[in-house]
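Dear colleague,

Please find below the structure that I am handing over to you.

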Amino acid sequence: MIRGLQQAGVVGAAICGLAAPAFAQSGRSATLEVMSEEERRGLSWSEGRAALAGDVRVSLGGVDASARVVTTRNSVRHDGADAVIDLVVGTGWELGAVQIRTDAIGHVFAGSRTKTDYVEAAVSASYGYGPLYATLGAIGAPSQRAIGGSNVYVYANANAGIPGTPFTVLAELGHSSGSVRDPDRAERLRPGGSYSNWRLGLEHRRDRLTVGVDYIGTDVSGTGDASRFADGRNATDRLVGHLQVSF
């Protein structure tokens with residue numbers, strides 16, 4: 001575990017070192033966040049417990065990069081990992097009124113008992129009309145030992161500001177599928193096999209502070225986990241809250 005944390009620290013330091021020269025000539029932002037759990041695609045990445053996160057983003061020309069560190073609380077899903085570092089490099093362009101974006105994503109886990117790191121690639125198309133902003137996208141992970149095969153997540157989401165108020169309504173629907181080489185490890189990202197997830201949320205934004213609550217759920221069964229990685233009990237319908245400060 002100690003070695004994993006040391007590796008995570010080295011990666012984080014390297015990111016800061018690479019990003020620092022760009023700060024003077026590019027855009028940058030950072031956030032700190034506390035949430036009732038770290039949730040992704042309807043699955044808990046923090047054992048259903050509270051988590052802390054921090055991220056930094058920099059942009060240079062048409063390319064941007066970000067690093068996000070999140071506590072995962074000895075996550076069963078990620079073989080005892082204490083934290084995950086998400087590294088993203090991407091770019092975007094416009095096709096008329098539609099915004100296209102592509103990203104390369106790496107997930108580095110600190111403190112896991114075995115090798116759990118994996119990579120993904122993403123593409124999305126977004127369109128805004130008045131207060132409504134909608135996105136269609138796909139995120140694919142090629143076959144990798146750490147996730148027991150390949151994984152594909154397709155989704156549609158939308159958010160809309162409520163006119164005259166500081167509130168925003170959010171909704172998302174997604175579906176995860178893929179190939180299986182190692183049924184045990186494939187349960188990390190797809191407990192019980194292919195599944196769908198949904199989200200309905202409300203956020204209040206004021207200056208640099210955002211407070212939100214989401215109702216999330218999946219069609220994953222909460223009982224009868226077929227794998228030690230599945231953690232099906234933390235994939236059921238629930239409320240997740242978060243508070244974020246931007247800098």
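The protein chain contains two helices and 14 strands; helices (H or I, at least four residues) and strands (E, at least two) are DSSP runs, numbered from the N terminus. This is a predicted model, in which local features need pLDDT of at least 70 and side-chain atom pairs count only at pLDDT 80 or more, while totals for chains, interfaces and linings use all residues. Residues are numbered from 1 along each chain as its sequence is written, and side-chain values use heavy atoms, with hydrogens and water left out.

Of the 247 residues in the protein chain, 41% are buried, that is, under 20% relative accessible area (1.4 Å probe, protein chains only), with exposed meaning over 50% and partly exposed in between.

Strands β9 (residues 132-144) and β10 (residues 149-161) run antiparallel and are joined by 11 bridges; two strands pair if DSSP finds at least two bridges between them. A134 has A158 in β10 as its bridge partner. Four residues lie between β9 and β10 in their hairpin, and G148 in the turn has a positive phi of about 70°.

Strand β10 is also joined to β11, by 10 bridges, and the two run antiparallel. Here V154 has H175 in β11 as its bridge partner. This hairpin has five residues between its strands, and G164 in the turn has a positive phi of about 80°.

Finally, L202 is found in strand β12 and is partly exposed, with a relative accessible area of 36%.

Yours sincerely
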